[in-house]
Amino acid sequence: HTPEGEDLVLIGQGMASRNAWADDLGAVARRLPDESERVCSRVRRLLQRPVSNLDVQLVAELVAHLALHEHEGAILVFVPGWQEIADVIKELEKRQRRNDQRWRILPLHSSVSPDGQRLVFQPAEAGERKIVVSTNIAETSVTLDD
């Protein structure tokens, strides 16, 4: 939970740290109470995979699920590097074309211009969901107000 009491969902893992509940299917199921055992099992496997084997489609599926079923607010996705950012954004853009939601999908990486980096801190417009895909190095230093 965040200090404001809202749920925080982490997608992925770093090489040096491991998601504490990734090994426990029951813990994953408790975090995703409305999902089938199949979905929970896939999420658990995603959390256990080495970073080099990131399942971009599963990450995009989970983000799409959060965007459709969770309350308003930005979704932060942390991945290892620029290639994974590009791959996740490409998959999210495909999924966005197949649904009727408005998503503002933004990359956050040191190679993005300062003006581009500032865009992630601007609030989403009414009826729009902001999705920021960033490297996991920013995991401890990025806070979005929405």
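**Figure legends: close-up views of a predicted model**

**Figure 1. Overview of the protein chain.** The protein chain contains 5 helices and 3 strands; helices (H or I, at least four residues) and strands (E, at least two) are DSSP runs, numbered from the N terminus. This is a predicted model, in which local features need pLDDT of at least 70 and side-chain atom pairs count only at pLDDT 80 or more, while totals for chains, interfaces and linings use all residues. Residues are numbered from 1 along each chain as its sequence is written, and side-chain values use heavy atoms, with hydrogens and water left out. Along the sequence, the elements follow the pattern α-α-α-β-α-β-α-β. Of the 146 residues, 39% count as buried (buried means under 20% relative accessible area, exposed over 50%, partly exposed in between, with a 1.4 Å probe and protein chains only). Among contacts (heavy atoms within 4.5 Å) with a separation of 6 or more, 62% are between residues 24 or more positions apart.

**Figure 2. The crossing of helix 3 and helix 4****.** The axes of helix 3 (residues 56–69) and helix 4 (residues 82–97) come within 9 Å and cross at roughly 50 degrees. Axes are lines fitted to C-alpha atoms, for helices over the stretch in contact, and angles run from 0 to 180 degrees between N-to-C directions. The two helices are therefore oblique to each other; angles under 35 degrees count as roughly parallel, over 145 as roughly antiparallel, 65 to 115 as roughly perpendicular and the rest as oblique. Val56, Gln57, Val59, Ala60, Glu61, Val63 and Ala64 of helix 3 meet Asp87, Val88, Glu91, Leu92 and Arg95 of helix 4.

**Figure 3. The largest nonpolar core****.** A nonpolar core is a set of buried Ala, Val, Leu, Ile, Met, Phe, Trp, Tyr and Cys residues joined through side-chain atoms within 4.5 Å. The largest one has 20 residues, of which Val77, Leu92, Ile131 and Val133 touch the most other members. Two or more residues come from each of helix 3, strand 1 (75–79), helix 4, strand 2 (102–108) and strand 3 (128–135). Helix 3 gives the most, with 8 residues. Leaving aside neighbours within four places in sequence, Leu92 is in contact with Ala60, Val63, Trp103, Ile105, Ile131 and Val133.

**Figure 4. The surroundings of Trp103****.** Trp103 lies in strand 2 and counts as buried, at 6% relative accessibility. Not counting residues up to four places away in sequence, Trp103 touches Ala64, Ala67, Leu92, Arg95, Gln96, Glu128, Arg129 and Ile131.

**Figure 5. Glu70 in a loop****.** Glu70 is found between helix 3 and strand 1. Its relative accessible area is 39%, so Glu70 is partly exposed. Residues up to four places away in sequence aside, Glu70 touches His65 and Arg129.
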